[in-house]
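Hello,

Here is the structure I promised to pass on. Please take a look, then read my notes below.

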Amino acid sequence: YSRFFRQVDGKWTAKTMPSLGKWGWGMDDYGRTYMNGSSGPIRANVIPGDYQLRNPHLDAVGGVYEVIAAPSELEIWPARPTPGVNRGYQEGGLRKDGTLVHYTAVCGLTIFRGDRLPDELRGNHFMAEPAANLIRRSVITETPDGRLSAANAHTKSEFLASTDERFRPVNINTAPDGTLYVVDMYRGILEAHPFVTTYLKRQIYERGLQAPLDCGRIYRVVHDSMKPGPAPKLTRLKGSELVAQLSHRNGWWRDNAQRLLVERHDATVAPALRALAAKADWDVVRLHALWTLEGLNALTTEDVIRALRDSYPKVRATGLRLAEPWLRKRDASPVIAAALQSVNDPDASVRLQGAVSLGEMGGPEAEAALATLLSRHAMQPYLVNAVISSLPGRELEFLRAIGENKEWAASAPAHGPVFKALAAAVFGEGAAARVDQLLRWTAAPARVGWQQQAILASVTKPVRLSAQVEIPRELAQSSDQSVVAQTEQLRRRFIWPGKAGTGTGELTNLEKGLIKAGQKAYLMNCAPCHQADGRGLADTALPLAGSKWVLGSESLLTRIVLLGKQDKIALMPPWGNVLDDRQLASILTYIRHEWGNHAPAVFPETVRKVRSETRAVAGFWTEETLANEAERLGIKP
C-alpha cells in the first residue's frame with residue numbers, strides 16, 4: 001500500500017510511502033520494518049522507506065526492501081509431498097520425493113517480540129509458506145557496518161511443518177499473552193482464479209481440494225517452561241499506568257500502551273515519559289518514551305539533544321529522526337549543531353540515519369557534512385544512495401563540488417560508485433540543460449579518466465531528455481577507448497522529442513486517450529507488482545522500463561498479457577479473462593510510452609486479433625515458447 005497513516009492531535013494524517021512487499025509486514029523492537037515477495041523472503045527496510053521518495057531521480061535506494069536472506073533461506077523443507085502447487089510442473093520445482101524446493105507463497109511474516117517463549121526466539125523472523133504447509137523461523141543478526149542477515153534456525157527442517165495438505169498458515173503474530181499466534185486458513189485451494197495453472201486445476205479436482213471451506217482456526221504456540229501471560233486490560237489503565245507498560249517485556253503491550261497514550265493526547269504524562277527517556281536501562285524503552293513524546297507533540301529541544309548524545313546507537317539514530325522538524329527550520333538551534341556531528345559518529349546505523357535526516361535540512365552546511373560522510377565512509381552499505389536521496393535537484397552541483405575537491409581527485413575503490421550514482425540521478429532527471437552541463441564538465445581536460453568512466457557508465461537504459469543534447473567531441477574522440485565506447489553507447493540511449501526512429505512524433509487523439517486510460521488501469525492492476533515507476537519488484541515482477549518485451553513486437557507483448565508469462569523469479573498472471581480488449585490496449589500503450597520507453601501504440605483491434613489467434617493455446621508463455629512463437633510468426637522478439 002502506498003500510504004502510511006498516523007494520528008496527530010486526534011486527526012488522521014497520511015503520507016506517501018513506497019509500495020513494496022506482498023502479503024506481510026513486520027516490525028522489530030527498533031522500529032525497522034520487514035517485508036517479502038511471494039517467492040522472495042525476508043527483506044528489511046534498514047532505513048524508513050519514505051526517504052526513498054524524496055528524490056525522484058534516484059533509481060534505487062539501498063537499505064529499502066533490502067534482501068537479508070542467507071542462501072539457507074532459499075530452500076524449504078516440507079513435511080509431506082506438495083504436488084498441489086501452481087508451478088509444480090516446472091523442472092526443478094519439486095524434489096524427487098514430491099516436496100516443494102523453493103518458496104512460492106510467502107506471507108504473514110512477524111518479528112517475535114513476546115516474553116512467554118524462550119529468549120532465543122526474541123527478535124526472530126517468522127513467516128508462513130502455506131503452499132508447502134510450513135512456517136519458517138529465521139535468526140536475524142546485525143553486523144557492525146549496519147548490514148542485517150537472516151538464516152534458518154533449523155538445519156534442513158522447519159520450525160513448524162504439517163503432514164496435512166490443508167494446513168495453510170497465512171498470518172503470524174506476537175500475542176498479547178506473550179506467545180505466538182498462527183492463523184490457519186485450512187483449505188485446499190490457495191490461488192486466486194487468474195493465477196490457477198492448468199496443472200494446478202487438475203490437482204485440485206483430481207484430489208478434491210476444493211472442500212472443506214469452513215475449518216479455519218488459530219493456533220497458539222506455547223512452551224512447557226512457561227505459562228502464557230495474563231489477558232490485557234490496557235484501556236482501563238490511567239495515563240501513568242500506561243507509561244509504566246512501556247517497560248513491559250512483551251512488545252505487544254508496549255506498542256498498544258504507546259498507541260493509547262497518543263490517542264488520549266494526555267500531556268500530563270510528559271514528565272514521566274521524559275524521565276523514562278532519560279533513565280530507562282533498556283534502550284528499547286527509551287525509544288518508546290521518545291516516540292510517545294513525539295506523538296503527543298511534547299518533544300523539547302533538550303529531549304532531542306539528549307537523544308542525540310545517548311550512549312545507545314539506536315537512540316542516537318532515533319534522535320536524528322526526531323530532530324528533523326528542527327532541521328527543516330534551519331535556524332541556529334543547538335539541535336542542528338548536534339545533528340551535523342552525526343557524520344562523525346562511530347556507529348554505522350547513526351551515520352546512515354544522518355545521511356537521510358540531513359536531507360531534511362538541505363543547504364551548504366548539510367551538503368558539506370554529507371560530502372565529509374562520503375569521503376570517509378562511501379563503502380558503508382547503503383550510504384551512497386542514502387546521501388543522494390538527500391540531494392533532489394542538487395546532484396549535479398554536489399558531484400561537481402566533490403569532483404573538484406583535491407581529496408577526491410585520486411582514484412579509490414569507493415569513489416567510482418559515488419560518481420556513478422550521482423550521474424545516474426542527473427541523467428534520470430532528463431533536463432537537457434543539466435545533462436549538457438554534466439557532459440561538458442565530464443569532457444573537460446582536467447577531468448581524470450576514472451571520473452569520466454564512472455559518469456558515462458551510469459546510464460544503463462534509455463534516457464528521455466527534454467530536448468536534444470550534443471555529446472562533446474572530446475569524449476567521442478578520447479584517447480581512452482573505454483570512454484569512446486561508453487560515449488557511443490550513451491548516444492544510442494538518448495531519446496528526445498522528434499528524434500528519428502524513436503516513435504516520439506505527435507500522438508493522435510486516440511493514442512492520447514489510450515495512454516490516459518492506460519495509466520489509470522495500470523496503477524490499479526499492474527503497479528502493485530511492477531511498481532508505479534515501472535522498476536518492478538524484486539522476486540515478484542520484472543522491470544518494464546527498457547524491457548525488450550515492452551519495446552519489441554506488439555504481437556508478442558499482447559500474447560504475454562493475454563495468457564501470462566512464467567519466468568524464473570515471477571509468474572505474470574493471464575489478464576485475458578479479466579480485462580477487455582480496450583483495457584489491455586490502453587495499458588500496453590501506456591507502458592510503451594512511459595519511463596523512457598518509446599514504441600508504437602497498441603490498439604484494441606490488435607488485442608482482439610491476437611486473442612482470436614491464441615484461443616487454442618494452453619498454459620503460460622515462457623522465454624522458450626515465446627522465441628518459438630516469434631520464429632513461427634516471422635517476427636523479431
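A word on terms first: helices (H or I, at least four residues) and strands (E, at least two) are DSSP runs, numbered from the N terminus. This is a predicted model, where local features need pLDDT of at least 70 and side-chain atom pairs count only at pLDDT 80 or more, while totals for chains, interfaces and linings use all residues. Residues are numbered from 1 along each chain as its sequence is written, and side-chain values use heavy atoms, with hydrogens and water left out.

Confidence. pLDDT is the predictor's confidence in each residue, from 0 to 100. The protein chain averages 91, and 98% of the residues score at least 70. Among the elements, strand β13 (residues 180-184) has the highest mean pLDDT, 98. Strand β18 (residues 571-572) has the lowest, 76.

T104. This residue sits in the loop between β6 (66-67) and β7 (107-111). T104 is buried, at 16% relative accessible area. Buried means under 20%, exposed over 50%, partly exposed in between (1.4 Å probe, protein chains only). Leaving aside residues up to four places away in sequence, T104 touches S38, S39, R87, E129 and A131. Contact here means heavy atoms within 4.5 Å.

Cysteines. How many disulfides does the structure hold? The count is 0, with a disulfide taken as a pair of cysteine sulfur atoms within 2.5 Å. For C526, the closest cysteine sulfur is in C529, 8.8 Å away, so too far for a bond. C529 is likewise in no disulfide. C526 is buried, at 15% relative accessibility. C529 is partly exposed, at 22%.

Best wishes
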